[in-house]
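Please look over the sequence and the structure below before reading on. The report that follows takes up each chain in turn and then the place where they meet.

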Amino acid sequence: MRRATAEDIRIIIREKIPQQSVDIAHNSEGHFYKRPHIECPYPSVNGKINIIKEKGLMDWKMNKALDYVFRHIKEITEKNAMEIRDNAEMASVVELEEAGDIGTEIHNYRETIFKDWIRLGYRPKDFISYIPKDEEDIRAVSAIGALEKFCKDYFYQPIVTEQYVYNDKLQLGGTLDDIGFIYLPVRQGMHGCDHDVIGDACIKCELKLKRYLALIDLKTSNYFKNTYWIQVALYYYMFCQLTGLKLPIQMILKLDKYNRTYKIERLKEISKLVRISKEILKVSDGMELITKLREKEFVTI
Amino acid sequence: MDNLFDEKNEVKSSFVSWGAVGDWIKGTLVDVREIESRLPGKEGTRVKVYELKAKAGSFHNIDDKKNPIDPPIEIEDGTFWTIGGRPGIDNSMRNIRLGQIVGFKFKEEIPAKTKGFSATKVIKVYAGEMDPDWQGETANDVEMP
């Protein structure tokens with residue numbers, strides 16, 4: 001029996017999650033996923049877990065506002081105090097929006113690179129060349145450079161990218177970033193060897209690698225958040241339920257926007273995380289219900 | 001005028017010989033042929049030979065007493081080499097396609113159980129990705145100087 005190839009996995013995914021089984025239905029209120037014959041589109045994972053306010057993020061927003069005030073403290077008068085206050089409130093929003101924009105661009109470049117890679121059957125030689133010259137931003141160059149380094153370090157092979165997933169029982173949808181093969185060492189090679197890996201072993205030393213099917217979630221924000229684990233756990237759950245495939249590795253890949261490095265967080269205790277994530281969805285449903293009930297309960301005494 | 005039969009004009013065999021454990025070659029499989037074996041006792045039988053457009057490698061030639069000759073031959077990128085088939089290699093190579101990157105390494109020698117017989121050389125085959133740079137060229141396409 002031969003080992004499953006990337007194309008074998010791709011065929012299974014296409015068969016179990018056909019294109020017409022789910023589509024995006026994003027609007028101004030958020031991201032949604034439409035299933036055929038189901039009237040209400042499903043909310044996205046991020047939309048549902050928004051209920052969790054990350055303390056780190058709230059502190060950061062407050063610090064941004066305070067920074068703004070201190071920078072303009074000598075300008076504050078009775079006349080412009082409200083304007084300064086409003087600008088301080090917006091200081092974090094502007095920076096978040098900018099971060100969101102570059103994050104989206106980096107994700108898009110990654111999608112193009114990986115789709116090309118899948119189509120060609122081999123890794124493109126120069127990832128940075130996928131950034132148009134007139135769109136070159138030092139942050140994008142750094143992040144895509146880091147992505148290329150990750151792919152080389154782990155001999156990554158993409159299988160699918162930007163894959164829609166959904167779950168009818170949870171009434172939830174999402175787009176996971178990447179599914180692919182990564183290779184981890186099972187036997188260390190010779191120190192100082194300039195490894196020449198063919199297949200799953202180095203031809204020059206004893207380095208031996210093992211191939212794993214992995215779910216990778218790409219991040220470009222400046223720090224890791226707890227909610228990322230919930231997001232990835234739910235993608236993992238939906239993907240495995242739909243395809244029947246085992247995903248032994250789930251990771252968050254953070255690409256640095258300034259120094260061409262990357263960091264990885266591998267999720268642990270995935271079954272527990274999935275259970276916790278489902279409970280969080282219930283809390284989110286509960287809060288939505290309360291909001292709806294309160295809308296109806298406006299009584300004048 | 002140079003003597004054509006001078007030793008320096010001798011065309012060296014482009015066969016890779018597995019002279020010492022650790023000998024290896026990596027390249028793109030460009031051709032698979034069958035030739036008649038010249039091994040004593042196996043004359044007339046057909047054996048497979050695999051032609052590689054090499055990327056790198058290093059191997060030892062052997063002398064009349066089958067001892068490795070130092071220094072090893074360093075294989076240069078872009079040169080063409082032939083690897084003789086044997087059951088272990090042939091089995092692994094069944095799934096390798098033309099244009100695919102492949103590696104061979106002399107892993108170990110297993111002593112013969114029968115006295116007087118040679119040890120078995122274990123050659124490991126490594127299967128890589130398709131070579132994006134290969135355009136279908138073989139050693140026959142190389143222009144001789």
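## Basis and overall make-up of chain A

A contact here means heavy atoms within 4.5 Å. By that criterion, in this predicted model, residues 24 or more positions apart account for 64% of the contacts in chain A that have a separation of 6 or more. Chain A is built from seven helices and 10 strands, and its C-alpha trace spans about 75 × 50 × 35 Å along the principal axes.

Of the 301 residues in chain A, 43% are buried, and the accessible surface of the chain comes to about 18000 Å², with carbon and sulfur atoms making up 53% of that area.

## Helix α1 of chain A

Helix α1 of chain A covers residues 6-16, and within that helix A6(A), I9(A), R10(A) and I13(A) are buried. When α1(A) is viewed down its axis, these buried residues fall within an arc of 100 degrees, and therefore they line one face of the helix.

L176(A) sits in strand β5 of chain A, which runs over residues 172-187. Is L176(A) buried or exposed? With a relative accessible area of 0%, L176(A) is buried, since the cut-off for that class is under 20%.

Leaving aside residues up to four places away in sequence, L176(A) touches E162(A), Q163(A), V165(A), L215(A), Y235(A) and F239(A). L176(A) and Q231(A), which are 55 residues apart in sequence, have their C-alpha atoms 9.3 Å apart in space.

## Chain B

Chain B has one helix and six strands, and from the N terminus on these elements follow the order β-β-β-β-α-β-β. Buried residues make up 32% of its 145 residues, while the accessible surface of chain B comes to about 9800 Å², of which 52% belongs to carbon and sulfur atoms. Among the contacts in chain B between residues at least 6 apart in sequence, 61% join residues that are at least 24 apart.

## Where the chains meet

The contact between the chains draws on 12 residues from chain A and 17 residues from chain B. The area buried between chain A and chain B is about 1100 Å², and carbon and sulfur atoms give 57% of that area. On the side of chain A, Y122(A), I198(A) and I203(A) supply 50% of the area that the chain buries against chain B, which is more than any other three residues.

Note on methods. Residues are numbered from 1 along each chain as its sequence is written. Chains are lettered from A and ligands numbered from 1 in the order in which they are written. This is a predicted model: local features need pLDDT of at least 70, side-chain atom pairs count only at pLDDT 80 or more; totals for chains, interfaces and linings use all residues. Side-chain values use heavy atoms; hydrogens and water are left out. Helices (H or I, at least four residues) and strands (E, at least two) are DSSP runs, numbered from the N terminus. Buried means under 20% relative accessible area, exposed over 50%, partly exposed in between (1.4 Å probe, protein chains only). Accessible areas come from the Shrake-Rupley method with a 1.4 Å probe; for residues, only the protein chains shown count as cover. The arc is that of the directions from the helix axis to the C-beta atoms. Buried area is the accessible area (1.4 Å probe) that two parts lose on being put together, summed over both.
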